[in-house]
Amino acid sequence: MIYTVTLNPSLDFITRLKTLTLGETNRADSETMFPGGKGINVSRLLGQLAIDNTAWGFLGGFTGQHLQNTLRDTHLTQDFTQIAGNTRINLKIKATNETEINATGPAITAQELALFFQKFDCLTHDDVVVLSGSVPKRLDSHVYQQMLHKIQLCGARFVIDTTGQQLKTALADRPLLVKPNRRELAQLYDTDLATQADLLRWGRQLIVDGAQHAIVSLAGEGALLFTQQTQYFAKPIKGQVQNSAGAGDSMIAGFIGTWLQSEDVLESFKIAVASGTATAFSNDIATKQKIEEIYQQVIITTI
């Protein structure tokens with residue numbers, strides 16, 4: 001089983017208007033609301049690929065109930081820990097530019113955290129846990145290390161998609177996959193990725209430091225995959241970007257879901273690129289049909 005962890009899920013309220021004028025009353029042309037949170041995005045994309053998975057995390061209040069009902073309507077398997085606080089709402093304004101206001105999220109009590117950690121007792125060496133996203137502001141910053149400790153005690157494997165020191169610490173535990181973007185990679189190693197040679201050097205360093213596979217997403221410039229043996233480059237695919245927020249999560253889902261079924265690295269990277277691009281070109285997480293359409297345009301080269 002694949003388990004995804006979203007410590008700070010959200011309802012993402014997306015409003016669209018032609019222009020945004022600060023300090024004035026603005027009227028939206030349309031609005032939609034989607035389940036938010038990086039692990040939840042991974043689960044939803046895996047669902048589109050018909051790959052079984054279970055979503056873990058914290059949900060609470062009327063917003064948490066709405067999010068849970070929305071996910072239930074998509075037949076996503078979920079086992080969230082219920083909390084007293086309200087799940088956050090993030091505001092995303094799509095006008096001439098894209099503006100986001102992300103809430104901090106609810107407080108998690110010690111008792112709620114203990115209940116959440118009990119879920120890790122069911123893990124076996126056949127399971128993979130995908131750890132994604134930020135830690136709620138009021139939660140101990142060491143919670144990622146605590147989760148990794150429990151995962152390793154059970155012999156399970158993990159994917160991690162976070163940044164900074166949390167990512168650097170996790171590399172030594174040999175994650176199946178990490179996926180920083182260019183900016184996050186530069187920050188991780190406190191360097192300037194000015195050239196392709198810089199990207200290749202520091203992307204390769206992720207493998208040296210412990211990652212089994214590393215995708216470095218380059219937005220409109222394509223993506224790189226590093227493995228123990230070689231590295232690949234996916235050429236960028238042209239299209240109208242509509243939803244950059246879930247694209248990286250979709251790449252993770254596409255790669256790890258395919259790799260666990262086949263252990264074919266090249267095919268897994270192709271599905272990852274198709275999934276991430278399809279979501280970027282969609283209003284929400286990509287459908288299977290959109291992924292299959294984009295897959296025909298994926299070109300991978302060895303570098």
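Colleague: What volume does the second largest pocket have?
Modeller: In this predicted model, the second largest pocket comes out with a volume of about 270 Å³.

Colleague: And which residues are the closest to its centre?
Modeller: The pocket is lined by 16 residues, and those closest to its centre are Ser43, Arg44, Gly47, Gln48 and Thr74.

Colleague: Which helix gives the most to that lining?
Modeller: That is helix 1, spanning residues 38-48, which contributes four residues to the lining of the second largest pocket.

Colleague: How many of the lining residues are nonpolar, polar or charged?
Modeller: Sorted by class, the lining of this pocket holds eight polar residues, five nonpolar ones and three charged ones.

Colleague: Switching to the sheet, what is the order of its strands?
Modeller: It is an open sheet of four strands in the order 3-2-7-8, and the pairing is mixed. Strand 3 (30-36) and strand 8 (98-101) are at the edges, where each has a single partner strand, so one side of each has no neighbour in the sheet. From one strand to the next, the twist averages 20°.

Colleague: In which sense do strand 2 and strand 7 pair, parallel or antiparallel?
Modeller: Strand 2, residues 10-16, and strand 7, residues 88-94, pair in the parallel sense, with seven bridges between them; as one example, isoleucine 14 has lysine 92 in strand 7 as its bridge partner.

Colleague: Which strands does helix 2 touch?
Modeller: Helix 2, residues 61-73, packs on the sheet and touches strand 2, strand 3 and strand 7, while its direction makes about 85° with that of strand 3.

Terms used: Residues numbered from 1 in each chain as written. Predicted model: local features only at pLDDT ≥ 70, side-chain atom pairs only at ≥ 80, totals over all residues. Heavy atoms only, no water. Pairing = 2+ DSSP bridges. Helix = DSSP H or I, 4+ residues; strand = E, 2+ residues; numbered from the N terminus. Axes fitted to C-alpha atoms, helices over the stretch in contact; angles between N-to-C directions. Contact = heavy atoms within 4.5 Å. 1 Å grid on protein atoms, 1.4 Å probe; cavity = no way out; pocket = protein on both sides within 12 Å on 5 of 7 lines; lining within 4 Å. Points joined across faces, edges and corners; volume = space filled by probe spheres on them. Nonpolar A, V, L, I, M, F, W, Y, C, P; charged D, E, K, R; others polar.
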